[in-house]
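User: I would like to learn how to read the features of a structure like this one. Please give the general idea each time, then the case at hand.

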Amino acid sequence: MMNMAAANQALQAVQNMHTSAEFEPAQPNDVDDCIAIRAQTRQNPISAAHLAELGITSESWSELVRTDALPGFVCRNSGRIIGYCFGERKTGEVVVLALLPEFENQGIGRKLLDLVVAELVRSGNTKLFLGCSADPGSRSYGFYRHLGWRSTNQFDSNGDEILEYHCLASGEA
């Protein structure tokens with residue numbers, strides 16, 4: 001479980017990193033790059049056309065970022081967005097975490113997730129959730145579980161398993 005103190009500590013640790021990876025809050029003008037990256041992920045890539053079929057367009061996503069309903073963070077390398085994570089402030093759902101394959105296994109995905117978790121905890125959410133592949137062979141299956149996310153034994157309409165993460169808004173673990 002992550003408490004408020006741990007969430008703030010995670011954010012501070014990421015902000016203090018001295019690497020070529022730069023983490024920053026997502027802006028509406030980052031969304032087009034995020035959509036392009038989503039189609040390039042190693043597992044579960046989704047094209048811009050398919051996202052549009054699902055009602056997710058550059059305009060709709062940008063508006064959610066602009067109104068702060070969908071806070072997120074991007075990671076840049078040499079000025080180029082290489083990964084991102086977004087969460088829904090109202091519900092506590094981590095909506096998406098995506099990273100270009102050549103930047104995997106460097107801790108970037110975890111740091112992006114930590115930043116969004118910290119932001120959602122600061123918003124008062126104490127139970128976060130996300131949809132994840134139920135296939136043990138999928139990278140995401142082990143990734144989230146290793147970080148403390150637990151199965152609810154429920155599945156969403158896409159067949160993804162719902163995982164949850166319990167946080168304490170107070171300073172206690």
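User: How much space lies in the largest pocket?

Analyst: Rolling a probe the size of a water molecule over the atoms shows where empty space is left. Here a 1 Å grid is laid over the protein atoms alone; a cavity is a set of points where a 1.4 Å probe fits but cannot get out, and a pocket is an open set with protein on both sides within 12 Å along at least five of seven lines. Grid points are joined across faces, edges and corners, and the volume is the space filled by probe spheres set on the points. In this model the largest pocket holds about 1500 Å³. Its lining counts 43 residues, and Arg38, Asn44, Val95, Val96 and Leu97 are the closest to its centre; a lining residue has an atom within 4 Å of a point.

User: What kind of model is this, and how are its residues numbered?

Analyst: It is a predicted model, in which local features need pLDDT of at least 70 and side-chain atom pairs count only at pLDDT 80 or more, while totals for chains, interfaces and linings use all residues. Residues are numbered from 1 along each chain as its sequence is written, and side-chain values use heavy atoms, with hydrogens and water left out.

User: What average pLDDT does the protein chain have?

Analyst: pLDDT is the predictor's confidence in each residue, on a scale from 0 to 100. The protein chain averages 90, and 86% of the residues score at least 70. Over residues 14–18 the value stays under 50. For that stretch the model has five contacts beyond four places in sequence, a contact being heavy atoms within 4.5 Å.

User: How many helices and strands does the protein chain have?

Analyst: Both are DSSP runs numbered from the N terminus: helices are H or I with at least four residues, strands are E with at least two. The protein chain has six helices and eight strands. Read from the N terminus, the order is β-α-β-α-α-α-β-β-β-α-β-α-β-β. Of the contacts with a separation of 6 or more, 61% join residues 24 or more positions apart.

User: Which element gives the largest share of the lining of the largest pocket?

Analyst: That is β5, with seven residues. Elements that each supply at least two residues of this lining include α3 (48–53), β5 (93–99), α5 (108–122) and α6 (139–146).

User: What share of the residues is buried?

Analyst: Buried means under 20% relative accessible area, exposed over 50%, and partly exposed in between, with a 1.4 Å probe and protein chains only. Of the 173 residues in the protein chain, 42% are buried. The chain exposes about 9000 Å², of which carbon and sulfur atoms supply 49%. These areas come from the Shrake-Rupley method with a 1.4 Å probe, and for residues only the protein chains shown count as cover.

User: How many disulfides are there?

Analyst: A disulfide is a covalent bond between the sulfur atoms of two cysteines. The rule used is a pair of cysteine sulfur atoms within 2.5 Å, and by it the count is zero. As for cover, Cys75 is buried because its relative accessible area is 0%, and Cys132 is buried because its value is 2%.

User: Which residues does Ser140 touch?

Analyst: Leaving out residues up to four places away in sequence, Ser140 touches Gln43, Cys132 and Ser133. Ser140 sits in helix α6 and is partly exposed, because its relative accessible area is 21%. From Ser140 to Leu97, 43 residues apart along the chain, the C-alpha separation is 9.8 Å.

User: Which residues does Asp156 touch?

Analyst: Not counting residues up to four places away in sequence, Asp156 touches Gly131 and Ile162. Asp156 is in the loop between β7 (150–155) and β8 (161–168).
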